[in-house]
Amino acid sequence: MMKKILAFAMVFCLLAPMGMIAQAGPLEDAKAQQKKLQNEKKALEQEKKKVSQNLLNNKQVRDSIIAELEAKGYEKEKIEEKIKEIEDAIRTLDQAIQERQEEYDRQLRLFQQRLVVLYVRSRIGADASELAQSEDMDELFRRLHTMQLISKADQDLMDSIMRKKQELDELKALREQEEQNARDQLEQSLKELQELEVSRSKAEERIQADEETLKKIARQEDQLEKEDKELGELIRKLSSSGKYIGGTMQWPLPGYTHISSYFGNRLHPILKVYRFHSGIDISAPQGTYIHAAASGKVIWSGWRSGGGGNTVIIDHGGGIATLYLHIMNGGLLVKEGQVVAAGDVIAKVGSTGLSTGPHLHFTVKVNGESVDPLKYVSPK
Ligand SMILES: [Zn+2]
């Protein structure tokens, strides 16, 4: 803000004592434009600094995410390895469980048979069928116990078998728990990895956007630099305007009266934003001769990078100048410094610069300010 105020004050101080405000002409106009450009350049420089800092920050964020991703990836690999080990162990365990199960079943069958043969058939034939129907060890044991048919040796054998069964069940439960733990860990790790990937791609997007912005700023800077140079040249070439020598202004494109865009604010056909339109657009085919609207001296005949394309500027004295934009390549028919009379052919209609099709953009400047050309000329 301070800079802006200072810049403004400086322009004012420089111009005021020399009494140039009252008689501002194309020279002052160009100087003002250059000042404006320089301010734009400063603003761009600020923007560039800001975006560069953003870019740096975003890159740091991305790098830390990548480091975290690497650590998590390593962690995930470790978990996967562990799961593989657990799975191997589980397979071995399953095999052992299977073998023990078979042994247990076999022992149980043997025991049942032995009980039935040794005790039941010889002593309590009536209960034999009932005992043989016992579905598992617990039930069989209970029935035998109730009948008080069991010996100490048999009971020890029974206990041993029961313990084996309990061990088996514990092993199975342990196995399941271990497997579940490993799976949970892996799932958590995968979730974290996924979240990190999302953060990373977001950071990458921000980086890309910053880089795009920086490129755009660089292009704008180039453009401003070019315009600045051109303006400097224009300022150098401009001489004192003196008195108005133009005479009555005339229509620059005789026979072409269609105005496709008027002076003032309008929606720009290419930029799609509301912009001040500094002149009128007159439709005419490519190559149509453009005539000087008034007598004067050509102070510019060449390319203007502000969007005007090939441009002719005629200084008519008294702070009045006319501008002719978008002239076709090879269509500049006058040279800088050349004196032209009103109605002289000066150029050919084209579509160079920021333009959608062949037309003449015609501007009238009075004391450095664009005014509505229709106040000076009428379609004819
Ligand atoms: Zn225009």
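Student: Is histidine 361 buried or exposed, and what is its relative accessible area?

Tutor: This is a predicted model, in which local features need pLDDT of at least 70, side-chain atom pairs count only at pLDDT 80 or more, and totals for chains, interfaces and linings use all residues. Residues are numbered from 1 along each chain as its sequence is written, and side-chain values use heavy atoms, with hydrogens and water left out. Buried means under 20% relative accessible area, exposed over 50%, and partly exposed in between (1.4 Å probe, protein chains only). Histidine 361 is buried, its relative accessible area being 5%.

Student: Which residues coordinate the zinc ion?

Tutor: Donors are N, O and S atoms within 2.8 Å of the metal (3.2 Å for Na, K and Ca); water is not among the atoms, so sites may look incomplete. The spacing of the zinc donors along the chain is H-x3-D-x79-H. At 2.0 to 2.3 Å, the coordinating residues are His277 (NE2), Asp281 (OD) and His361 (ND1).

Student: How many residues apart in sequence are the parts that histidine 277 and histidine 361 tie together?

Tutor: Strands (E, at least two residues) and helices (H or I, at least four) are DSSP runs numbered from the N terminus. Histidine 277 belongs to strand E3 (residues 274-277) and histidine 361 to strand E11 (residues 359-366), so the parts tied together are apart in sequence by 84 residues.

Student: In E11, which residue is the bridge partner of tyrosine 324?

Tutor: Two strands pair if DSSP finds at least two bridges between them. E8 and E11 run antiparallel, joined by six bridges. In E11, the partner of tyrosine 324 is phenylalanine 362.
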